[in-house]
Amino acid sequence: MAALQQQSAIKGAKVLMVGAGGIGCELLKTLALSGFEDIHIIDMDTIEVSNLNRQFLFRRSHVGQSKAKVARDAVLRFRPNINIRSYHANVKNPEFDVDFFKQFDVVLNGLDNLDARRHVNRLCLAAEVPLVESGTTGFLGQVTVHIKGKTECYECQTKPAPKTYPVCTITSTPTKFVHCIVWAKDLLFAKLFGDKNQDNDLNVRSNNSASSSKETEDVFERSEDEDIEQYGRKIYDHVFGSNIEAALSNEETWKNRKRPRPIYSKDVLPESLDQQNGSTQNCSVTDGDSVVSAMPSLGLKNPQELWGLTQNSLVFIEALKLFFAKRKKEIGHLTFDKDDQLAVEFVTAAANIRAESFEIPLHSLFEAKGIAGNIVHAVATTNAIIAGLIVIEAIKVLKKDEDKYRMTYCLEHPSRKMLLMPIEPYEPNPACYVCSETPLGLEINTRKSKLRDLVDRIVKAKLGMNLPLIMHGASLLYEVGDDLDDIMVANYNANLEKVLSELPSPIVNGSILTVEDLQQELSCKINVKHREEFDEEKEPEGMVLSGWTPSPATNGESASTSNNEIPVDVTESSSGSETASKKRRLSEIEPCNHKKETENVESEDDDIMEIENPMIVSKKIRVE
């Protein structure tokens with residue numbers, strides 16, 4: 001009887017899958033083989049060569065095609081009698097609104113970024129459709145169930161912010177290889193190949209400010225008749241030699257630090273590279289696709305090999321030459337891309353040369369790419385396990401077996417002899433501004449900050465609203481939409497450039513704003529508090545948002561280890577007290593004694609995870 005009930009629930013279900021990547025391919029296959037007959041897939045991505053080692057519905061001939069469409073066609077070959085509809089589109093597009101979501105019995109997420117996850121969470125809340133969320137990072141993974149009013153929503157727990165580093169550390173006193181990577185890709189690569197008008201000063205200045213901005217701009221300016229190799233050596237000598245010497249002139253900086261060593265090209269490279277194999281006429285051909293690369297012409301084949309200073313210097317010059325010889329039209333518009341082979345080679349070489357100067361251990365191309373691209377390499381088996389768990393939870397949702405819902409974590413090492421750790425889900429967090437409509441607090445200088453700052457840095461960047469509407473009392477200060485006439489658009493654009501306290505309805509200390517997103521059908525209140533000064537290092541945005549669904553962990557620690565909320569280890573707690581004042585059904589998550597520095601990393605399935613302090617899940621309900 002139970003089996004018949006389950007089959008009936010499966011066959012009558014209309015399912016929406018969001019994401020057709022590493023998890024998505026496994027999920028679609030498992031849904032089809034489990035008897036689901038009406039499946040819709042949304043994915044905006046196309047297939048890349050790097051996807052083929054784990055996204056098994058795709059083949060080399062599919063490279064460049066829509067993931068959603070190819071996945072659909074592949075599954076229909078062995079399940080031809082089911083209905084699968086694919087959408088090669090962004091789930092944030094207007095056509096995928098609340099009414100669209102209402103037609104489904106359950107939504108299954110296999111997404112690759114926090115922004116899209118939040119958007120789907122809000123649409124599911126508005127449509128009152130159950131959501132099964134998932135994520136993988138290497139050997140770790142998790143599946144969670146989110147049902148409006150019964151379990152926490154995806155945003156009930158705060159997600160740790162990506163690790164950031166002070167500019168002075170990056171430019172002047174790096175101590176870790178990641179500092180060198182950030183310098184190489186966000187400063188040097190951007191300066192050489194990106195927008196020439198951006199504010200990007202690569203000088204490590206001494207207190208006497210010996211070098212001027214004009215000097216720096218002259219160094220990076222290449223004259224039309226300047227030989228590419230000469231230009232490359234000039235850049236090399238400036239950033240690894242002259243800048244280091246300028247930094248050394250400030251004795252105070254190095255009193256308690258290791259002094260870096262200036263490196264010049266003449267000390268590392270031969271006078272002419274003509275004798276080397278480095279020729280801009282040679283480009284690699286990888287996997288049948290022409291890829292401009294510095295490695296083949298230098299006899300370098302293994303990306304996991306550790307290059308010495310000379311090899312890194314050769315790659316630096318050769319990669320720079322290839323950019324100007326083979327990709328000159330792109331220069332001025334490039335941004336670093338982890339899938340751009342030549343960009344990865346250049347950044348790896350530059351980071352290693354800088355690391356050598358500061359006596360930081362060097363890294364291979366493979367390792368450097370992982371750091372620069374925030375990659376944790378995917379494990380296909382983890383994707384398959386997580387896909388199976390998604391389907392199990394989806395079936396429970398369809399059968400309305402509420403007592404059997406589980407948040408299941410896939411662990412790298414056994415805990416209590418288990419690699420899969422199922423735990424009961426949280427109830428909704430009453431402090432969540434998304435599902436509980438709790439007001440937020442905003443500290444801001446209302447006499448200096450503009451409405452544009454509020455919209456860009458808070459409403460869009462932090463609250464994740466796509467089509468925001470901002471009201472102060474009965475006054476509509478800002479709105480986005482296709483149905484606005486020219487006069488309204490002009491008025492709202494004019495408001496964006498006004499200081500908050502000078503708006504038609506002034507925003508001052510004590511003001512209460514109503515912020516809505518009509519597409520997400522989300523509304524929240526923001527209580528404004530005027531504040532004169534902000535710490536430029538700790539509060540660079542000049543505003544502080546509070547009330548972001550406080551974490552249940554103690555001492556202000558985040559209860560989630562990642563965007564995907566994966567605890568690294570799960571053990572039993574030896575102490576704790578229960579309280580009836582809280583209705584959370586899962587124990588609090590406590591940090592271990594040992595700590596890791598927060599770092600933003602991304603799986604090759606592009607499932608983002610922010611590794612923070614490893615957490616322990618205790619079995620008992622504890623005081624929060």
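A crossing of two helices is called left-handed if the near helix is turned anticlockwise from the far one by less than a right angle. I start there since my first topic is a helix pair. The model on the screen is a predicted one.

The pair is helix α10, residues 309-326, and helix α11, residues 341-357. Helix α10 passes α11 in a left-handed crossing. The two pack at an angle of about 140°, and their axes lie 8 Å apart. That angle makes α10 oblique to α11, because roughly antiparallel is kept for angles over 145 degrees.

Which residues in α10 meet α11? On the α10 side they are Leu-309, Asn-312, Ser-313, Val-315, Phe-316, Ala-319, Leu-320, Leu-322 and Phe-323. On the α11 side, the residues they meet include Leu-342, Phe-346, Ile-353 and Glu-356. By type, the residues of this contact divide into 13 nonpolar, four polar and two charged.

Now to the salt bridges. Side chains of opposite charge can pair when their charged atoms come close. How many salt bridges does the structure hold? There are 28, and I will go through three of them.

One joins Lys-29 and Glu-26, with the closest N and O atoms 2.8 Å apart. Both residues are in helix α2, residues 22-33, and they sit three residues apart, which means about one helical turn separates them. Is Glu-26 buried or exposed? Glu-26 is buried, its relative accessible area being 7%.

Another pairs the side chains of Lys-255 and Glu-252, at 3.3 Å from N to O. Here Lys-255 is exposed, with a relative accessible area of 60%. Glu-252 is exposed too, with a relative accessible area of 53%; the cut-off for exposed is over 50%.

The last one I picked is between Lys-338 and Asp-339, where the closest N and O atoms are 3.7 Å apart. Lys-338 is at 18% relative accessibility and therefore counts as buried, since buried means under 20%. Asp-339, at 40% relative accessibility, counts as partly exposed.

Salt bridges can also share partners, and in this model such bridges join Lys-69, Arg-72 and Asp-73 into one network.

To recap: α10 and α11 cross in a left-handed way, and the residues of their contact include 13 nonpolar ones. Of the bridges I described, Lys-29 with Glu-26 has its closest N and O atoms 2.8 Å apart, and Lys-338 with Asp-339 has them 3.7 Å apart.

How values were computed:
Residues numbered from 1 in each chain as written. Predicted model: local features only at pLDDT ≥ 70, side-chain atom pairs only at ≥ 80, totals over all residues. Heavy atoms only, no water. Axes fitted to C-alpha atoms, helices over the stretch in contact; angles between N-to-C directions. Helix = DSSP H or I, 4+ residues; strand = E, 2+ residues; numbered from the N terminus. Parallel < 35°, antiparallel > 145°, perpendicular 65-115°, else oblique. Contact = heavy atoms within 4.5 Å. Nonpolar A, V, L, I, M, F, W, Y, C, P; charged D, E, K, R; others polar. Salt bridge = Lys/Arg side-chain N within 4 Å of Asp/Glu carboxyl O. Buried < 20%, exposed > 50% of the residue type's maximum accessible area, 1.4 Å probe, protein only.
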